[in-house]
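I opened my notebook for a quick tour of this one. Here is what I looked up, entry by entry.

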Amino acid sequence: MPFDQSPNADPVLQALLTGRERIADPKNWAQFPAYGINGRWCFGLSVRETDYWNLASFEAWHALSEEMPRSKNIGDYNDDPLTTHADVLAVLDRAIAKRRQ
């Protein structure tokens with residue numbers, strides 16, 4: 001097989017998929033100042049690999065910023081009162097789709 005399409009073959013795609021899984025349930029997504037409390041995540045940090053940053057995490061972070069409709073600052077976008085859970089899932093979905101191309 002010339003190219004493995006599994007998410008495990010691409011650590012950046014895996015980070016994006018993990019991030020989406022972490023916040024798929026609205027109860028697990030948080031805006032400031034609630035992230036990190038009781039397992040809740042902001043959408044930017046949801047793509048982080050455990051408790052440290054690695055290259056895949058940085059690239060996933062960049063992929064998110066490229067797909068945001070407003071501010072390229074992930075934290076500001078996540079915490080904007082106008083940003084909804086559906087909005088952040090849409091950003092993740094666009095980043096995942098683009099990475100799969």
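**Entry 1: a loop residue to begin with.** I started at Thr-84, which lies in the loop between helix H3 (74–79) and H4. Helices here are DSSP runs of H or I with at least four residues, strands are runs of E with at least two, and both are numbered from the N terminus. My cut-offs are under 20% relative accessible area for buried, over 50% for exposed and partly exposed in between, with a 1.4 Å probe and protein chains only.

**Entry 2: ground rules.** I am working with a predicted model, in which local features need pLDDT of at least 70 and side-chain atom pairs count only at pLDDT 80 or more, while totals for chains, interfaces and linings use all residues. Residues are numbered from 1 along each chain as its sequence is written, and side-chain values use heavy atoms, with hydrogens and water left out.

**Entry 3: the whole chain.** I counted four helices and zero strands in the protein chain, and the pattern along the sequence reads α-α-α-α. Of the 101 residues in the protein chain, 34% are buried. The protein chain exposes about 6100 Å², and carbon and sulfur atoms supply 56% of that area; accessible areas come from the Shrake-Rupley method with a 1.4 Å probe, and for residues only the protein chains shown count as cover. I looked at contacts too, where contact means heavy atoms within 4.5 Å. Among contacts in the protein chain with a separation of 6 or more, 57% join residues 24 or more positions apart.

**Entry 4: H1 against H4.** At what angle do helix H1 (residues 11–23) and helix H4 (residues 85–100) cross? Their axes come within 10 Å and cross at roughly 160 degrees. Axes are lines fitted to C-alpha atoms, for helices over the stretch in contact, and angles run from 0 to 180 degrees between N-to-C directions. H1 and H4 are therefore roughly antiparallel to each other; angles under 35 degrees count as roughly parallel, over 145 as roughly antiparallel, 65 to 115 as roughly perpendicular and the rest as oblique. The crossing of H1 and H4 is left-handed. A crossing gets that name if the near helix is turned anticlockwise from the far one by less than a right angle, and is right-handed if clockwise. On the H1 side I noted contact residues including Leu-13, Leu-17 and Ile-23, and on the H4 side His-85, Leu-89 and Ile-96 are among them. By class, this contact of H1 with H4 has ten nonpolar, two polar and four charged residues. Ala, Val, Leu, Ile, Met, Phe, Trp, Tyr, Cys and Pro count as nonpolar, Asp, Glu, Lys and Arg as charged, and the others, Gly among them, as polar.

**Entry 5: His-85.** I stayed in helix H4 for His-85. At 14% relative accessibility, His-85 counts as buried. Not counting residues up to four places away in sequence, His-85 touches Ile-23, Ala-24, Asp-25, Pro-26 and Trp-29.

**Entry 6: H2 with its two partners.** The axes of H1 and helix H2 (residues 55–67) come within 8 Å and cross at roughly 65 degrees, and this crossing is right-handed. The contact is made by Pro-11, Val-12, Ala-15 and Leu-16 of H1 and Ala-56, Glu-59, Ala-60, Ala-63 and Leu-64 of H2. I sorted the residues of H1 with H2 into eight nonpolar, no polar and one charged.

H2 and H4 pack at an angle of about 115 degrees, with their axes 8 Å apart. H2 and H4 are therefore roughly perpendicular to each other. Their contact uses Glu-59, Ala-63, Leu-64 and Glu-67 of H2 and Val-91, Leu-92, Arg-94, Ala-95, Lys-98 and Arg-99 of H4. The contact of H2 with H4 divides into five nonpolar, no polar and five charged residues.

**Entry 7: the loop between H1 and H2.** I found Ser-46 in this loop, and at 0% relative accessibility Ser-46 counts as buried. Leaving aside neighbours within four places in sequence, Ser-46 is in contact with Thr-18, Gly-19, Arg-22, Ile-23 and Trp-41.

Arg-48 is also found in the loop between H1 and H2, but at 21% relative accessibility Arg-48 counts as partly exposed. Arg-48 and Ala-15 are 33 residues apart in sequence and 6.8 Å apart in space, C-alpha to C-alpha.
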